[in-house]
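Please look over the following report, which is written for a reader who is meeting this structure for the first time.

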There are 2 protein chains.
Amino acid sequence: MPKSGTQTGQSTLPATRIEVNEYKSASSEIPDDPRFSFRYPQALVYSESRGTTIMSAMNAFYAQSGGVTAVINATACGVIETARKYPKKIANIYAGRNGIIGALTEDMIDTNKESAATIAALMYTPGGAFGSARYKLKGIDENRSEYERLVEVFKAHNIGYFFYNGGNDSMDTALKVSQFSKSMGFPVTCLGVPKTVDNDLPVTDNCPGFGSVAKYIAVSTQEAALDVLSMAKTSTKVFILEVMGRHAGWIAAAAGLAGKSPGDAPHIILFPEIPFKRREFLKRVRECVARYGYCVVVVSEGAAFANGKFLAEAGTRDAFGHAQLGGVAPVVANMVRENLGYKYHYAIADYLQRSARHIASDVDVKQAYAVGKAAVQFALQGKTAMMPVIKRVSDKPYRWKIESASLGRIANKEKKLPRRYITKNGFGITEAGRRYLQPLIKGENYPPYINGLPKVAKLRNHSIKAKTGTKFVV
Amino acid sequence: MPKSGTQTGQSTLPATRIEVNEYKSASSEIPDDPRFSFRYPQALVYSESRGTTIMSAMNAFYAQSGGVTAVINATACGVIETARKYPKKIANIYAGRNGIIGALTEDMIDTNKESAATIAALMYTPGGAFGSARYKLKGIDENRSEYERLVEVFKAHNIGYFFYNGGNDSMDTALKVSQFSKSMGFPVTCLGVPKTVDNDLPVTDNCPGFGSVAKYIAVSTQEAALDVLSMAKTSTKVFILEVMGRHAGWIAAAAGLAGKSPGDAPHIILFPEIPFKRREFLKRVRECVARYGYCVVVVSEGAAFANGKFLAEAGTRDAFGHAQLGGVAPVVANMVRENLGYKYHYAIADYLQRSARHIASDVDVKQAYAVGKAAVQFALQGKTAMMPVIKRVSDKPYRWKIESASLGRIANKEKKLPRRYITKNGFGITEAGRRYLQPLIKGENYPPYINGLPKVAKLRNHSIKAKTGTKFVV
């Protein structure tokens, strides 16, 4: 537990100091949850000058990590709006410019400079409002200096709370920072906040960000299929849609929601979990075209051969013979062309799918906010090295609640699409899969529009003053 | 003007027969437009048996042609709902299964079998509800048999009205059918009904179908740009979005609406109208990455070198050295990679853009309906070889009305993006371009949803009985 005297620059901090009894009364604001033992907040510091125990609100640091989503800013909104409700415990909320890099380089954004309206607008703004980063901290033994730097910056800015909004890697980092800061005598309350379109975090029933991509892919598949069906007589017979998901087929599976009856598109889904068999695939394409007049294929970027080689690597070469890294869709399309001769088209949704806030799932937006809010509440309850998880209470009607889980159970683990969600032939989703996926795309959460385009939050993103006096190069 | 006695199978038709005076009173339903001289409707036939002049309602034939759009069914809805209001003039509305092919093969759908609710649901159903076709009728001299067949089928089914919903080629066909049917002594009232995402029909200010693609592309560009911007520090720096428009850059231009201030994405638009210059392009990419940290490129599939060769043909080869026909996006992406080394991503919107009814422009949906409605009204006013055109009355506030134009002015002509809509450097849109495009993406016209997916019309699509007794192979 940090003492005021040992904190760098403590005297210049705008921390709100309050008496302990005031804190106690304030603590009633924190939702009581009998599942968690209440721990003394780190905001408790001993004031040597006055000789009494007083409370000092500490600051919070929020960072976005990894690939952004249509709703990661809704989580930021949940974190910031909730933290702002407890000014006696959390004085300032800083955000990392470009995620954790902002902490390492001491380039942190003062979210206090943003109006309540701007923060509220994060609810419908896609992308990462403060900047995210693909930057994985290595193990402490390999890379002690980065952890030391984080603690140095946190200390300098009186940061007692760290909210790390990301996927598997980020949960690992949050866990390590929690352990390392404690070992350094400056224990920071570290909360992981889930975010990943890949839906591959364990323990939680699903991950914020996924529901909206799932909805986008299901809607787009349904729409494009109607287009192809109506033209198939004289034009395109095979349509291929490439979707994200390098290691897990959750997004590809979501396309399956578009088809309800036999013969409905998508007729073939290619999952990373099912080794690709060229002959069976081509046979199925031929059957679909013969029977339904057309064939819609949804292929995960992670689709791979039995030997583990990605289809996308099956490789094209440029005019000079250099290997080209294209998508998987053209590889599948060329396979169809060469073997069956059908006219084909393909689409690669790429970033369009994960930024499509205009067609976000209402469930997803609400859950994204809820995990941000819960992370702050957990932190104020003294929980650390934890992550809010979504617990499904029932399928029909869909009901869910937020619980907490230890980061140790989550970090560096990957949840693949279970085999029982995939049909026996490997090309579709089962009723069990549909039951799981269906609720996650429920409801439309439309952004406001101005002149035909979605309105988005316009942040000032002012940096706070550096205090460490040292530079750190990442 | 056909006489009842000369019409094949006339006796079995469910045509409504009414006295002339009744017709006159009914004619007050038809909107009076002083611009058009009123002509005697073709539904007037002489009944030899009774020796009096009576009115016989004739049937109408509606066909969808060429690439479908998010709103072509809204036009179908406009045609059918309006025609249904005049049962004394239009008895039955038939639709071609797979467009004009349905007429040639005498496979026509009886839309009377569809409920009012189903027809109303066409308003929010993308794709072509009756099937469309890429099937161009050649000139009459080269292909007289097809025109004769059309007239044979129209005669057999007492079809006096032909509504052809398509682009440039279809307008040419509608014009020719109008002329040919007259020369054959069975003059059919032929109305072209505009539809094309390419927005390249002349005379009309814009084309139904375009506004919704424009909105999809502008919204998607804005969303993806926010994604890329937030990741650019450590990940993708150049994002390329490939859009449709093989000959005209209207769709690519629409992406320009996403950027309002200097530095906003898209930073580069590659139009078919501007010859591609590799060196200037790469220089601009480098500048954008240096200045803004990222670069968003929107490239039209029709982007070409000064010698007319498409960029898409710059060509990749498969592992065996065979030429591959990919999109233009990977070609541009590889150019960036080889010359500048930036990390890139690309998306190919393909059919997703033209079927995206979920983000349709409200203006577009309304105009799509309006041209269908007007086509029927024009036909009932005796106009033939005409097309409803959209006339812009004012930019701000955007106001428009429907007028008519002769098909001779429209058929086989192509309206390119004017140079004055493109910035001097060739990479963006001007204020004039923005003024033209902006109103067309205005308003959101959301479909209803069930379980997270858009509801769509479920048509029976029952064929009417063939009457010609002859087969025709297309």
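## The interface between the chains

Together, chain B and chain A bury about 6100 Å², and 55% of that area lies on carbon and sulfur atoms. The model is a predicted one, and the values here are computed from it. Within the area that chain B buries against chain A, B:Glu223, B:Tyr351 and B:Leu453 supply 11%, which is more than any other three residues. The contact draws 75 residues from chain B and 76 residues from chain A.

Across this interface of chain B and chain A the rule finds two salt bridges, and one salt bridge joins A:Asp227 to B:Arg354, with the closest N and O atoms 2.7 Å apart. Across the interface of chain B and chain A there are also 31 residue pairs in polar contact, both residues being at pLDDT 80 or more.

## The side of chain B that touches chain A

Several helices and strands of chain B each supply at least two residues of the side that touches chain A, among them helix H7 (210-231), helix H10 (329-340), strand E14 (344-348) and helix H11 (351-355). The largest share of this side, 13 residues, comes from H7(B).

## Two helices packed in chain A

Helix H5 (residues 144-156) and helix H6 (residues 168-183), both of chain A, pack at an angle of about 70°, and their axes are 10 Å apart. Because of that angle, H5(A) is roughly perpendicular to H6(A). On the side of H5(A) the contact is made by A:Arg144, A:Tyr147, A:Glu148, A:Leu150, A:Val151 and A:Phe154, while H6(A) brings A:Lys176, A:Val177, A:Phe180 and A:Ser181. The residues of this contact of H5(A) with H6(A) comprise six nonpolar, one polar and three charged.

## Backbone details in the loops

Most residues other than glycine have a negative phi, and most peptide bonds are trans. In chain A, the peptide bond from A:Ala265 to A:Pro266 is cis, with omega near 0°, and A:Pro266 is placed in the loop between helix H8 (250-255) and strand E10 (268-270) of chain A. In chain B, the peptide bond from B:Lys396 to B:Pro397 is cis, with omega near -5°, and B:Pro397 is found in the loop between strand E15 (386-394) and strand E16 (399-406) of chain B.

A:Asp350, although not a glycine, has a positive phi of about 45°. A:Asp350 lies in the loop that runs between strand E14 (344-348) and helix H11 (351-355) of chain A.

Notes
Residues are numbered from 1 along each chain as its sequence is written. Chains are lettered from A and ligands numbered from 1 in the order in which they are written. This is a predicted model: local features need pLDDT of at least 70, side-chain atom pairs count only at pLDDT 80 or more; totals for chains, interfaces and linings use all residues. Side-chain values use heavy atoms; hydrogens and water are left out. Axes are lines fitted to C-alpha atoms, for helices over the stretch in contact, and angles run from 0 to 180 degrees between N-to-C directions. Helices (H or I, at least four residues) and strands (E, at least two) are DSSP runs, numbered from the N terminus. Angles under 35 degrees count as roughly parallel, over 145 as roughly antiparallel, 65 to 115 as roughly perpendicular and the rest as oblique. Contact means heavy atoms within 4.5 Å. Ala, Val, Leu, Ile, Met, Phe, Trp, Tyr, Cys and Pro count as nonpolar, Asp, Glu, Lys and Arg as charged, and the others, Gly among them, as polar. Buried area is the accessible area (1.4 Å probe) that two parts lose on being put together, summed over both. A salt bridge is a side-chain nitrogen of Lys or Arg within 4 Å of a carboxyl oxygen of Asp or Glu. A polar contact is a pair of N or O atoms within 3.5 Å; within protein, one must be able to donate a hydrogen and the other to accept it, and residues adjacent in sequence count only if both atoms are side-chain atoms.
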